[in-house]
Amino acid sequence: MDTITLTIDGTTVSGKAGMTILALAVMTKLLFFGVVISDSMVPVLSTSDLVLFQAVDVSQVKSGDIILFTPPGAYYMGVHRVTSVADGYIRTKGDNNPYPDDWVLTKNDLNGKAVALYGSPVKVTKLGVYF
């Protein structure tokens, strides 16, 4: 059986200690869950998936990351993949969308970056339907 391992800023903890730190991170909002509201990220994420995100600065976001953001002028949050980051501006595209998003995001639009484990976002499938 695999042991749960958590690494924060280069420090690794495992087992119960890792779970305790993860629980504290969620309680202090360093980590939080977001709900996918469309199929724009299929096959990686689907509508109603609950995804684990971490609070980050725009300087910690790179092309290929999956982020939670509020589109400019919108009242909802979206989940898409970053296609580019330049001078503090972020461009995105849904994996299942044919074209990049029309908007350009800034640090004010960024809500978080998906936590990845073995290259895939940490998610709970379809649990978001209850939120």
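What percentage of the 131 residues of the chain count as buried?

## Overall picture

In this predicted model, 33% of the 131 residues of the chain count as buried. The chain exposes about 8,200 Å² of surface, and carbon and sulfur atoms supply 59% of that area.

## Secondary structure and contacts

Read from the N terminus, the order of the elements is β-β-α-β-β-β-β-β-β-β-β-β.

Contacts may also be considered by their separation along the chain. Among the contacts with a separation of 6 or more, 46% join residues 24 or more positions apart.

## The second largest pocket

The second largest pocket holds about 160 Å³ of space. Its lining includes Val44, Lys62, Asp65, Ile66, Arg81 and Lys113, as well as Gly119, Ser120 and Pro121. Strand 8 (110–114) and strand 10 (120–121) are the elements that each give two or more residues to this lining.

Sorted by class, the lining of the second largest pocket comprises five nonpolar, three polar and four charged residues.

Asn97 is placed in the loop between strand 7 (89–93) and strand 8. Is this residue buried, exposed or partly exposed? Asn97 counts as partly exposed because its relative accessibility is 24%, a value that falls between the limits of 20% for buried and 50% for exposed.

Apart from neighbours within four places in sequence, Asn97 is in contact with Ser40 and His80. Asn97 and His80 are 17 residues apart along the chain, and 9.7 Å separates their C-alpha atoms.

Conventions: Residues numbered from 1 in each chain as written. Predicted model: local features only at pLDDT ≥ 70, side-chain atom pairs only at ≥ 80, totals over all residues. Heavy atoms only, no water. Helix = DSSP H or I, 4+ residues; strand = E, 2+ residues; numbered from the N terminus. Buried < 20%, exposed > 50% of the residue type's maximum accessible area, 1.4 Å probe, protein only. Contact = heavy atoms within 4.5 Å. Areas by Shrake-Rupley, 256 points an atom, 1.4 Å probe, with all protein chains shown as cover. 1 Å grid on protein atoms, 1.4 Å probe; cavity = no way out; pocket = protein on both sides within 12 Å on 5 of 7 lines; lining within 4 Å. Points joined across faces, edges and corners; volume = space filled by probe spheres on them. Nonpolar A, V, L, I, M, F, W, Y, C, P; charged D, E, K, R; others polar.
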